[in-house]
Amino acid sequence: MGDANTIYGLQNYVVGLAQEGLTLQSSNTINFEKSFERINYLRLIQRVAVRNNVQARVGSRPVDFIALYVTRAALRGLLPDEELPDEEAIWLYGGDDRQALILSRQEDGGKLWLKYLPVAGLSQQNDGSLIFQRISFQSDLPLKIYEDANLNLPASARDDWLQAWHTDEAWLNVLFKTKYSNALIGLHEQFARHGAEMIDPDAAGIDKNARVVRRFRFRQRRLIEADMLVFANNHWNFDVRGFNPGGNHGSFFRISTHSMLMFAGGSRTGIPIGRVVDKPYDSLSFAPTLLTMLGMAENGRPAPRLRERGFRQFPGPVISEIMPRPEQVKDNGR
């Protein structure tokens, strides 16, 4: 259907002619700002409310927050070098004064670092430039981290810790008991453009024909990306066919993240018997753990034969507590 809407386009979405109709400028060209009626789609969606709520303990607003891309180029000059992300940031919109940016960086070796930056009043100008105000950590920001009693941090260290960069594993350890559990990591995983380097049209060492094909594939990927991702408040659902809390197929609420990973085998598998795992993991650990057990990955890094097929560093950590003893792992492709 064409190029994705920009943040400016979503905040100034054309819905029809203005009441006065088309207006001309002094140069006899159309004044696009005055000629069309516009809405702020983000504000409109977030403020949707019902009047006939029959459940007293359920809020009247279906929408929790909205997530969108913010380009790295738009953030350059607004953030110091030590905060500038390696890739697009994720903007969480919970209202004009309740917003946050999720920033990400990759270390050598693929280690992921994340930062949660509270902001307010983010808007984009027609020329693509951004405006926003940095604010302090406070209650009622998207994901509601600061006020959560289950945040795995001492009260005295909370402010300093939350303002810094941390690995995805560190964030999960701090957040997994909170209301939104692994949402911070899950949002990055949802928005990350995995494998983009495989179709980068500007990569070195490829011929002209390959560059054209990559440019086509790159554009294909961009065109199928959604403009925004809308999250439902608890007990609201955007799909009448299913009733998962907070979404139409699970959600980031802790109650929706509970699942079981069970390994069954005999003594020859080398999997420890009766081992207790008290460190938090999520489903991102499934693939690297299983492939490590099969000898096809090491520390989340695929074996050469998998890398030749396009596999790259897996995002989740290996569940080290259940790893078989080294002498019992067969060589399956290292």
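Contact here means heavy atoms within 4.5 Å. With that in hand, here's a quick tour of a predicted model, where local features need pLDDT of at least 70, side-chain atom pairs count only at pLDDT 80 or more, and totals for chains, interfaces and linings use all residues. Residues are numbered from 1 along each chain as its sequence is written, and side-chain values use heavy atoms, with hydrogens and water left out.

- Ser35 sits in helix 2; helices (H or I, at least four residues) and strands (E, at least two) are DSSP runs, numbered from the N terminus.
- Ser35 is buried, at 0% relative accessible area (buried means under 20%, exposed over 50%, partly exposed in between, with a 1.4 Å probe and protein chains only).
- Setting aside neighbours within four places in sequence, Ser35 is in contact with Leu17, Ala18, Gly21, Leu22, Thr23 and Ile30.
- The Ser35 side chain also reaches the backbone nitrogen of Thr23 at 2.8 Å.
- Leu22 is in the loop between strand 1 (13-17) and helix 2 (32-35), and counts as exposed because its relative accessibility is 52%.

**Gln124 in strand 6**

- Gln124 belongs to strand 6 (residues 112-124) and, at 13% relative accessibility, counts as buried.
- Its side chain reaches two backbone nitrogens: that of Ile7 at 3.1 Å and that of Tyr8 at 2.9 Å.
- Beyond the neighbours within four places in sequence, Gln124 is in contact with Thr6, Ile7, Tyr8, Gln11, Ser129 and Leu130.

**Ala100 in strand 5**

- Ala100 lies in strand 5 (residues 99-106) and is buried, with a relative accessible area of 0%.
- Leaving out neighbours within four places in sequence, the contacts of Ala100 include Ile90, Trp91, Leu92, Tyr116, Leu117, Pro118, Val119 and Pro142.
- Ala100 and Ala67 are 33 residues apart in sequence, and their C-alpha atoms are 9.7 Å apart.

**Helix 6**

- In helix 6 (residues 168-175), the buried residues are Asp168, Trp171, Leu172, Val174 and Leu175.
- These residues are on the same side of helix 6 because they cover an arc of only 165 degrees around the axis (the arc is that of the directions from the helix axis to the C-beta atoms).
- An α-helix has 3.6 residues a turn, so residues three or four places apart point the same way.
- The cover over the buried residues of helix 6 includes strand 6, helix 5 (158-162), strand 8 (166-167) and helix 7 (183-191).

Definitions and conventions:
A polar contact is a pair of N or O atoms within 3.5 Å; within protein, one must be able to donate a hydrogen and the other to accept it, and residues adjacent in sequence count only if both atoms are side-chain atoms.
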